[in-house]
Amino acid sequence: MKSARRRQSNWTAYAFLTPWLIGFFCLTLGPMLGSLYLSLTQYNLLSPPQWIGTENYRQIFTQDGTFTASLLLTFKYVFLSVPLRLMFALAIALALNKGIRALGIYRTVYYIPSLLGGSVAIAIVWRQIFDGSGALNQFLAWFGINGPSWISHPDYIVYTIVSLSTWQFGSAMVIFLAGLKQVPADLYEASQIDGAGKVKQFFRITLPMLSPVLFFNLVMSIINSFQAFTPAYVIGDGRGGPLDATMFYTLYLYLKGFSFFDMGYASALAWIMLVIIGAFTALVFLTSRFWVFYGDQEGR
Amino acid sequence: MSMFSKKGKRWMTGLSALTVTLLLSACSGGSGGPAAQQAGGGETSETTGGQTELRMMWWGDQKRADTTNQAIKLFEQKNPDIKVMGEFAPSTGYFDKLNTQLASGTAPDVFFLGGNVTDYASKGVLLDLTPYVGNELKLEQMDQSLVEYGTLGGKLVNVSAGANARGIVVNKTLFEKAGMPIPEDGWNWDDYARISKELSDKLDGVAGTYNFTFDGMDIFLKQNGKQLYDMENEALGFEEADILPWYQYWDETTQNGGVVSPEMQVSNPPNDTAKTLLITSGVGMTLIPSNQLAAFQNLTEDELILVQVPRGPKGTGVVFESSQGLSAYAKTEHPEAVAKLIDFWINDADAAKILGSDRGVPVTAANRELLQKDASPADLIVYDYTSRVSEAAEKENFVVSYNIPGGAEFTKLGETTVQEIGFGRKSVEQAVSDFYKGAQQIFAKNKTSAQ
């Protein structure tokens, strides 16, 4: 009788979960398994896929220079943009956490880039600013500096994209801000009495108390940065140019699949990216026990 | 659970069962055959109340979209039983969009294709229009060479909607300002390099020419008795040694200072009507398809003219060829209506007047004469130029060429190669060697997948 009731209550839970489950099975798990299958085939989008085993993976790892280059470029982007974005987010959050007036307005203003940020419109604005005769170079010209075209030279364009990503620190900032509000004020009062300065307070109280939030932001930023596509597509020429300097991993995958009629190969690329992101996330999780401090842990 | 009455529980169980069934069926629904997808899409063509609905897709800018929509409206007036929904995309994203639609079985009934028609024909997604020729689709007026262009493997898969010939656009105003003679037909590549440099030297902030190493490669090959793609033998039509001199020529001309810098070429691409240096008096010459002249001329005060491509050992290597054409989706439900629309597009005099020569000069002699009567000065230059090319072709004929299979990937490779040389990342020899290897790989892969 009891187990029957339990079963029934489970059914109810499943009933309420159904919309999500439909989404998960049909829109996430199904296509993922589908792409796993496709990654083992030669599939040109228009003719039926043909099984070729691990040939795609073999080619990717042994013959594909663009794969290596795009992976390195993506790593460069992740290692530059994630720390920069998080530092900016934390700095602004600290500044806003001083109990200033009209906090809501500032919070909104700083958050707006994150809302707009993914959009094509902002990337186009970015193009205009960093163009050879764009706003940035006109500003530099006041100081007698003759800036290069930041979006047409393969050496600089990646930094233009990094700066765009840094500017979109809003969502991380809002989360930091919420985290800062949770730090008990009495910790600061006690440390002040013990003679701790602002800097010491930041490293001894704020940062440890904020570490779970930092952990969350770090994981999310890493995952998002690995998947960056829109800025590379719009600020570059949409084909990875100039000189493959905007050939981010996702863009390469997209071109292979949708422009070059090689969806099997693109699927293999997607699975490799999944493994890489998984590895990085796992790494962050593994190291987290050394630096993430939860308030309910005693004596750390 | 005690909050539910017994009745409520039963109701709950029913609901659960229903939703779980829904969950199971929702997934399976998506994997139906192409027929199921067509029915479910709502985007695809359908007949409603005796009216046939077609979808048509093209690439281009807003101006082209306006005239195309006008022509569609006229077609609907003349064929009240057919309704046409137009869609368009800028050329950069057009083929990605088309590929995705083809893959999911939701492609438009009619769409435009360029020189990459081979890539689609080989994959069997294009309708063979042969059965409709002489019935809905009348081709008697059309130039025979253009009909042949769209006939691949014995099937009519593409009907040219405009013809053009590539040539060198020359900014006459800049040459006059520099006090230099205007280039004329019959020049050679040494002249071209020399004139480019002279113009760059004489005018501040003006480059002689864009770098068209890649766009002009097939012309150079033809001038030397080779070609990009040997369709008859299904092979690449050139060797590494055949293209090396061409890349060296451009590298040298660039070193001498007659060519737009690689950075400028990236930020102001030659074929982008909004950014090209052609409309800002920033460049004196470059290679363009003749149908683009009017679009550029509309955007600049400078006077633009067309001159034949500099000659190589076997002539100019330029032919009068299809610029782009209409293809029908193999799975269209209304092939007759599609054939009617294509027929209207190439034969109807009123349509020709609306469409002008934006996609190339009309493909029928009758419509060409019609447009020539009240052509704009820019159009007249184009007509004059294309007739000069046709005349020259009678003495020096060249075969019409197609893109090599895997055209999109090949183009990307070619453009990257030119940039590798331009930005000093590779020596010319190294870059060309890598390019040739890459071209062979792309060709082999796309040839086999073509089956």
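How many Å separate the centres of domain 1 of chain B and domain 2 of chain B? The tour below leads to that value; note at the outset that this is a predicted model.

**Confidence in chain A.** Begin by selecting chain A and colouring it by pLDDT. The average over chain A is 87, and 95% of the residues score at least 70. Next, select helix 4 of chain A (residues 103–117), which has the lowest mean pLDDT among the elements of that chain, 78. Then move to helix 13 of chain A (residues 263–291), where the mean is the highest, 94.

**The two domains of chain B.** Turn to chain B and colour its two assigned domains separately. Domain 1 covers 47–162 + 322–380, and domain 2 covers 166–320 + 397–450. Their centres, taken over C-alpha atoms, are 28 Å apart, which answers the opening question.

Now display the residues where the domains meet: 18 residues of domain 1 of chain B are in contact with 13 residues of domain 2 of chain B. On the domain 1 side, select helix 5 (117–121) and helix 16 (377–395) of chain B, each of which supplies at least two of the residues touching domain 2. That side of domain 1 divides into 3 nonpolar, 9 polar and 6 charged residues.

**A buried helix.** Finally, select helix 13 of chain B (residues 335–347). From first C-alpha to last, its 13 residues reach 18 Å, close to the 18 Å expected at 1.5 Å a residue. Of these 13 residues, 12 are buried, so helix 13 of chain B is largely enclosed by the rest of the structure. Show the side chains of the buried residues, among them B:P335, B:K340, B:D343, B:F344, B:W345 and B:N347.

Terms used. Residues numbered from 1 in each chain as written. Chains lettered and ligands numbered in written order. Predicted model: local features only at pLDDT ≥ 70, side-chain atom pairs only at ≥ 80, totals over all residues. pLDDT = per-residue confidence, 0-100. Helix = DSSP H or I, 4+ residues; strand = E, 2+ residues; numbered from the N terminus. Expected span 1.5 Å × (residues − 1). Buried ≥ 20, exposed ≤ 12 C-beta atoms within 10 Å, placed from the backbone. Domains from an automatic or database assignment. Contact = placed C-beta atoms within 7 Å. Nonpolar A, V, L, I, M, F, W, Y, C, P; charged D, E, K, R; others polar.
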